[in-house]
Each structure stands twice: as C-alpha cells, then as structure tokens.
Amino acid sequence: MSVFHPGFLTRWLATALVGLLPALGLAQTGMAQLRAGALPITLVYPTAAANTTVTRGPFTLQAAVGATPLRGNGRLVVLSHGTGGSATSEFDLASTLAAAGFVVAQPEHTGDNWRDYKLAGPESWKLRPVEVSQTINAVAQDPRFGPLLDTAKVGVHGLSAGGVTGLALAGGEWSLANLVRHCIAQQKTDANFCFNGLPNQADRDARAALFAKAAQQDLDATLQGGAKVHDPRVAAVALTVPVVAPFTTESLSKLRVPVGVVEATRDTVLVPTHHSSRLLQLCKACKALGAMEGAEHFDMLSPWPDAVDQPVRAVQGGQVTGFDRGRLPASYGRVATFFQQTLLP
C-alpha cells in the first residue's frame, strides 16, 4: 500500500496458492511466529506436515501452523509489506517462495501495520531497513530455522511502501526534500501518492500549501531523509509496485545488488511513470519481472473475499479493473525464479 494510506484494509488474507516443491517433493506450507524484541515476525516455510484450514476473521488459508520446518534451499527472503499491511496480505507470494524452497520472514513494521499506522510514511521508512536486519538476526538465531539457513545471502521483497525498504537496502537514498520537490511538480500527475489519505479537497489544498511553504526554504538543509543503510547480507531485492519518487536519480543509477521489478500498468496509487517505470529506466542493476497489463495497485496483493472488495475499490476511485487474478501465480513465480537465480547456490 501507499505512503499515507489510512489503513482500513487491515486484515488482508488469501486462500493459499500452495505450489509444488519439486526439490523436496512437498506441497505443504508451514507457518510460525517469532519476535525480534517487540517486532512480530511471521515465518512461512516448507514442511512435511499436512496443511489445515486456518481462519483469520472472514478469511481462510491452508497452512501447517507451528509445523517443523524442513531444509529447503538454505536461503531466507524477507518480505516488507505496504502501509497498513500485514503478513497475510502477501501470503500467496510467501507460500510460492516456500514452495521454491525458501524460508520467508515477514516482519510487522512498527507504527505502520494493520493494527497501528501512526508512523506511516517517512517515519516508517526510516525504521523499516533496520527492522529487516533485526529480522534476519532473529531468524538466524532461532533454533528451529537458523541451522537450516545460510544468511550470508538474503533476499528482500518490498511491496508498495515496502519498496522504500528494499531500495534503501539495495543502496538507494531518499529524502523528504525529494518528496516535496516531486509533489510540488507532480501533484496532479501523482496525486494519489502526494495526497494519499486525504480525499477531502480542503485537506489536499492545505497539504499543497505546506509543500509550497517548504519550497521557500533550503530543502536539503531543512528536510532530511533516511540515513544511509547497509546490510551486507542483502544480496538481491525484488519490488512490486514500489514507492520510488523520493529517491535520488544518482543513487538509483548505482544500486549495488540485483533488483527485480514488477509493475502494474493501471496503477493510479503509485503511477508507474514516477515510480516503477522510473526505477527501470534509471537502474542498471534492475530487471523487469513483468508488467501486469490492466492491473491496479491493489490487484497485486493476495485476492480478497467480496466483503473486502468494496473498500479496496474505493481506494482505487471505485474502479473495477477487470484484471484477471488468475495471472498472479505466474507473477509470484517470476519473483521466486528471480531469487533462485540471484541467491543460489
């Protein structure tokens, strides 16, 4: 989800797409919980235990909760969710990665999750990369999973605001100054990013006035961004409909690790011209993992029941895109293949 999303899509979950794991001969998806201090982490992984039906409110999935993990390919992938999100909003991708042999760790980002989104936006952006490093440490130290993994090479996937997490760990640098400059110049063409969470025109006008006031100052001196982050264990990053606009052109052209990018061509929340397409144009280390023709921003998440569909469409301006969600498993598979190619052996 995007930068200032109010978070009313709080309990995204999906019916699992449980793939085959040829290397292990498995078709089961384990799920477990651990913590890195106060940070909750959901783990999805290959297991021999039988899946059961798990209910989360009105949602169901197939998983073996608390099951003993089996050794897969020895690699860890950390998923950074979007604003107001949770581990359940990307369960289908996580289970696809587990079917390919990965252990998948999903931290619930502090102050920007389905329960609490008071830090959504730049404050969360500053915290997220550190939380990924804390997640890697916690999984490596866990007696169930640590012995099964080599965390010298870890993958990170970022969805929407999670794209800031992935890009920062790949070497990208962002700043509030860049954000303000972008929203002064592109507040009409990228309105849902610059005014996200503000449907009322008066509120939008007030924010535009703040942008204009900030522009009268020395932006680079007064509006700092996230500190440079580096975790040498992060060896590959995949991004789906990522936030990109606040990042500097120079840093995007010099990303230090392979980066895969999934676009949604009808994305009106993070317009590709300013975000995913911009990244692919600037980044020499980036690889397109497929432009999902006709897809809107939230179409890239695990499918939701009809009861959740209406508020989702409200965020998308009431649009019903007609996107065939039957195409999502292939997209998730391309992400899994990207990580196999970049993290193995």
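This report describes the core, the aromatic pairs, the disulfides and some backbone features of a predicted model.

Residues are numbered from 1 along each chain as its sequence is written, and side-chain values use heavy atoms, with hydrogens and water left out. Because the model is predicted, local features need pLDDT of at least 70 and side-chain atom pairs count only at pLDDT 80 or more, whereas totals for chains, interfaces and linings use all residues.

Helices (H or I, at least four residues) and strands (E, at least two) are DSSP runs, numbered from the N terminus. A residue is called buried under 20% relative accessible area, exposed over 50% and partly exposed in between (1.4 Å probe, protein chains only). A nonpolar core is a set of buried Ala, Val, Leu, Ile, Met, Phe, Trp, Tyr and Cys residues joined through side-chain atoms within 4.5 Å. The largest such core has 94 residues, of which Leu43, Leu76, Leu97, Phe193, Val259, Leu279 and Phe339 touch the most other members. Helix α11 gives the most to this core, with 7 residues. Leaving aside residues up to four places away in sequence, Leu279 touches Leu167, Leu239, Val244, Leu252, Leu255, Val261 and Cys286, where contact means heavy atoms within 4.5 Å.

Helix α4 (residues 176–185) is largely enclosed by the rest of the structure, because 7 of its 10 residues are buried. The buried residues in α4 are Leu176, Ala177, Asn178, Leu179, Val180, His182 and Cys183.

**Aromatic pairs**

Rings of Phe, Tyr and Trp (its six-membered ring) pair if their centres lie within 6.5 Å; planes under 30 degrees apart count as stacked, over 60 as edge-to-face and the rest as tilted. The count by this rule is 4 aromatic pairs. One of them is the edge-to-face pair of Phe102 and Phe339, at 6.4 Å centre to centre with 70° between the planes. Phe102 lies in the loop between α1 (91–99) and β6 (103–107) and Phe339 in helix α11 (residues 328–343), so this pair ties together parts that are 237 residues apart in sequence. Both Phe102 and Phe339 are buried. Trp125 and Trp174 also form an edge-to-face pair, at 5.1 Å centre to centre with 90° between the planes. Since Trp125 belongs to helix α2 (residues 122–141) and Trp174 to the loop between α3 (162–169) and α4, the pair ties together parts that are 49 residues apart in sequence. Ring pairs also link Phe102, Phe338 and Phe339 into a cluster.

**Disulfides**

A disulfide is a pair of cysteine sulfur atoms within 2.5 Å, and the count comes to 2.

| Disulfide | S to S | Torsion about S-S | Hand |
|---|---|---|---|
| Cys183 to Cys194 | 2.1 Å | about -90° | left-handed |
| Cys283 to Cys286 | 2.2 Å | 90° | right-handed |

Cys183 in helix α4 and Cys194 in helix α5 (residues 191–194) are 11 residues apart, and both are buried. Cys283 counts as buried at 6% relative accessibility, as does Cys286 at 16%. With bonded cysteines counted along the chain, the disulfides follow the pattern 1-2, 3-4.

**Backbone features**

Most residues other than glycine have a negative phi, and most peptide bonds are trans. Ser160, although not a glycine, has a positive phi of about 55°; Ser160 is found in the loop between β7 (154–159) and α3 and is buried, with a relative accessible area of 0%. Val241 likewise has a positive phi, of about 35°, and is placed in the loop between β8 (234–240) and α8 (249–252). A cis peptide bond, with omega about 5°, joins Leu344 and Pro345, and Pro345 is found in the segment after α11.
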